[in-house]
Amino acid sequence: MKKILLLSFIFISPYLLLSQNNLGQINGNFETNLQSYTDDPSIDAIAADEVILNNAYLNILYTKGDFTGGLRYESYLNALQDYDSRYQGNGIPYRFARYTSDGLDVTVGNYYEQFGSGLVLRSYEDKGLGIDNSLDGVRLKYVPINGLYVTGLIGKSRTYFEYSKGIIRGADAEFNINEALKLEGETSYILGGSFVSRFQKDNNPAFNLPENVASMSARLNIMHGGFNYYGEYAYKINDPVGSFSFDENNYSTGKAIVNNLTYSQKGLGITIESHFVDHMEFRSERAKQKEFIINYIPTLSKNHAYTLLALYPCATQPEGEFGFNTNIFYKIPKNTLFGGKYGTKLNLNFARTNSIEGGNSYLNDSSSHTSNPFKSISIKDETLYFSDFNLEINKKINKKVNLNLVLAKQKYNKDVLEGKTIGEYGIVSSTIAVADVSYKIKKGHTIRLELQELLSKDDVTATNHADGDWHMVLAEYTISPNWFFAIQDMYNYGNYDEEKQLHYVNTSIGFMKGANRFEIGYGKKRAGIFCVGGICKEVPSSNGFSLNISSNF
Amino acid sequence: MKHLKYTISFFLGILLFNITSCDVVEGPYLIDDNTNPVDTNNFVKKVLIEDFTGHRCPNCPAAAEELASLQNFYGDKVIGIAIHPSSTFAIPDPLNSSKFTYDFRTEFGDDIDNIFELTTVGLPRGMVNRTGFDTEHQLGKDEWSSVIQTELAKSPIFGITLSSDVSNGNGTISVTAEALTNINLDKTEEIEDYNIVICLTENGIIEWQKDNTAGDIEEYEHNHVLRTILNTTFGESMGNSFVDGDIWEKDYPVDITTLENANENYSLNTLFMGNGNSKGWDENNMEIVVYIYNTNNYEIVQVEQIHLTNH
């Protein structure tokens with residue numbers, strides 16, 4: 001009897017698996033972020049009329065063989081205060097079907113796509129920033145010959161729960177020479193080219209506006225041993241905003257040049273990135289509004305995780321900037337004088353961006369200016385936008401203690417980077433120190449302490465004061481794998497306005513089990529700039545409880 | 001080698017696509033300075049732009065300039081109202097400060113902003129005839145012109161005639177609205193109600209304004225500033241059924257001092273940081289703006305404007 005059972009199991013099981021395959025697979029994830037808002041006049045926080053606000057998402061993905069279908073349900077009842085209020089209500093703004101057949105990859109519905117480094121097209125979503133500019137339409141990908149990857153697309157770009165007026169057409173080809181010619185040298189080359197065009201009808205009777213506006217780029221990637229070079233040049237034809245005001249329509253072309261060089265070997269990594277950008281914001285509609293932006297210019301600065309280091313973050317100025325970012329990682333080997341038993345990790349970073357010579361390129365009936373990328377290299381005459389010089393030292397002291405130290409000097413042109421009136425705040429200079437110690441009490445129990453200090457110097461020529469000096473303390477206790485507790489206090493003790501010398505205390509408790517994660521928080525948040533990868537949004541101050549739940553299946 | 005050929009022809013293909021599908025525009029870019037033919041009809045369709053602005057909003061002067069350019073082009077077919085809503089950008093400084101002490105805010109502007117929520121998406125923003133409510137009505141300044149084109153192409157369903165005998169702060173405004181077509185006559189459902197709203201605005205108020213290129217401007221000219229609405233923020237009903245030629249008439253008494261006091265009172269007693277510095281109205285710079293809107297969708301179907309005095 002047992003034998004029969006065993007035999008039948010052996011025979012049936014493949015069919016069971018197969019039948020499961022026939023039905024395909026469903027997975028997804030869910031997230032809800034609930035926040036309560038109460039009035040707090042000391043930080044200008046305003047209670048929400050609704051008392052609580054909630055953003056929630058559910059992604060469902062269905063896969064069966066070469067077919068994938070998916071959708072995302074989004075609910076904003078109503079949107080959190082740091083979200084644009086045009087995210088409102090419920091809907092399924094994202095749905096797609098995709099299949100691959102004999103090397104042809106077809107997507108209809110919504111899709112995200114990036115060409116090269118994104119200079120001419122980047123459609124993506126970032127919930128933290130409230131950005132989702134997915135394209136809705138058709139996308140094809142094909143590999144006609146070995147090493148040649150071709151993408152073609154047509155669609156409209158999402159803006160909140162609507163689609164913008166422009167029609168976006170794009171094509172991209174990437175040619176991997178080594179793959180195509182079956183070269184097996186030490187050096188490999190990848191060439192690429194992209195073209196994106198937007199159609200929007202011209203119904204402006206005063207100005208002659210282009211209806212088809214194209215943006216294109218060429219890129220080259222060379223890898224040789226530990227070296228990696230990436231270069232891209234992008235160009236955009238005339239793209240006036242379509243205004244009736246004579247000075248607002250800029251008919252100049254746009255351009256961007258990106259050069260990145262990386263070298264890495266065991267224990268050492270060097271990155272040098274630079275770019276020149278001039279009038280290169282590309283939008284899904286003529287009108288100059290951030291919700292229409294469909295390209296991306298990477299920001300040249302280190303992405304800091306520590307709060308005070310990211311208090312004054314850099315944001316790319318697509319209308320005109322020149323910048324560079326150098327990063328050196330070095331690990332002092334084990335068992336040396338400075339390396340100690342475990343070695344010591346060092347990271348030296350220097351980033352700087354400034355205006356371009358004579359401002360961005362400009363062209364209309366009465367005046368014109370064309371920027372010169374080569375002149376921008378002389379940075380001493382240009383307006384500084386941002387600079388950051390910092391050193392991070394990471395050292396494992398022993399099996400229980402890990403230490404991370406950061407020292408930074410930053411300059412932040414608040415007027416330019418936050419769109420203030422020129423002369424209002426000028427350049428805020430700050431010196432920041434961070435010490436982060438974690439201590440493993442016993443198996444599964446870790447306590448971590450962060451001490452941060454920011455000393456700030458206002459611009460003497462400015463009319464207003466920035467926020468001044470800050471302390472910050474954070475204590476975090478983790479019981480892995482299920483619990484964490486954290487409390488942090490940011491104290492703006494150096495604010496010029498004594499009434500604003502406030503503590504911003506936040507506490508949170510998190511619980512994780514299996515596929516689910518719960519987090520409850522309470523505290524005051526300061527108004528500020530929140531950035532991811534150099535794309536920033538303004539966050540209003542708030543005071544209240546928060547509840548975040550996420551899970552996947 | 002065959003691969004290389006493919007590649008080259010592919011890139012050539014892309015290049016060809018480039019050349020054929022983009023519009024490089026050669027100057028002159030300004031093609032029509034103002035050659036709109038004068039409309040000889042009694043009543044023409046006019047458009048209202050409500051420009052949400054504030055004296056501390058550095059990007060707002062560009063929107064005011066856009067409105068001025070549109071008016072320069074379309075003449076009296078484009079009528080403007082500048083609304084200074086009470087959140088952030090319009091808040092005045094205390095009276096003992098040196099700048100930004102004027103309080104441009106009004107109860108009416110705040111009520112309008114509460115419904116249409118323009119400040120929540122960031123200023124400057126505007127509405128063109130309040131079209132697109134409630135998902136596509138909050139327009140950036142560069143989006144105004146294209147909606148104006150669409151709106152001006154519509155035929156007017158009402159004609160408004162205004163007159164005023166206001167002088168030395170007192171008088172009467174007479175409003176006459178004429179149906180230019182049959183409205184709702186054959187309908188049994190989805191009947192549209194129409195409301196009429198009587199506003200006073202003021203031009204040429206010289207006060208401080210932030211500007212992102214010029215800094216803090218001391219003598220900035222604020223135009224089309226909404227001062228008051230004579231028959232409540234959302235107006236009064238004109239009814240819902242009209243035969244072509246039907247006339248609706250009403251007179252509104254005006255006493256500038258009383259109206260000024262009401263604004264001052266709102267500033268002092270209701271508004272955050274209100275300082276009561278909202279007076280000094282100059283009747284000779286004031287306009288009467290009257291609009292009719294469809295209460296189902298808030299869309300403004302007709303608007304008219306005349307000077308308050310000198311008739």
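Visitor: What share of the 311 residues in chain B is buried?

Guide: In this predicted model, buried residues account for 42% of the 311 residues in chain B. Chain B has five helices and 13 strands, and its C-alpha atoms fill a box of roughly 90 × 60 × 35 Å along the principal axes.

Visitor: What makes helix 4 of chain B "mostly covered"?

Guide: A residue is buried when 20 or more other C-beta atoms lie within 10 Å of its own, and nine of the 12 residues in helix 4 of chain B are buried. Among them are Trp144(B), Val147(B) and Ile148(B), along with Lys141(B) and Glu151(B).

Visitor: Which elements cover the buried residues of helix 4 of chain B?

Guide: The cover includes helix 2 (60-74), plus strand 1 (47-52), strand 2 (78-83) and strand 3 (125-128), of chain B.

Visitor: How do you know that the length of helix 4 of chain B agrees with its 12 residues?

Guide: At 1.5 Å a residue, helix 4 (residues 141-152) of chain B should span 16 Å, and its end C-alpha atoms are 17 Å apart, so the two agree.

Visitor: Let's turn to chain A. Why is Asn516(A) called partly exposed?

Guide: Buried needs 20 or more neighbours and exposed means 12 or fewer. Asn516(A) has 13 C-beta neighbours inside 10 Å, so Asn516(A) counts as partly exposed. This residue lies in strand 30 (residues 516-525) of chain A.

Visitor: How many Å separate the C-alpha atoms of Asn516(A) and Asn178(A)?

Guide: They are separated by 44 Å, with the two residues 338 apart along the chain.

Definitions and conventions: Residues numbered from 1 in each chain as written. Chains lettered and ligands numbered in written order. Predicted model: local features only at pLDDT ≥ 70, side-chain atom pairs only at ≥ 80, totals over all residues. Helix = DSSP H or I, 4+ residues; strand = E, 2+ residues; numbered from the N terminus. Expected span 1.5 Å × (residues − 1). Contact = placed C-beta atoms within 7 Å.
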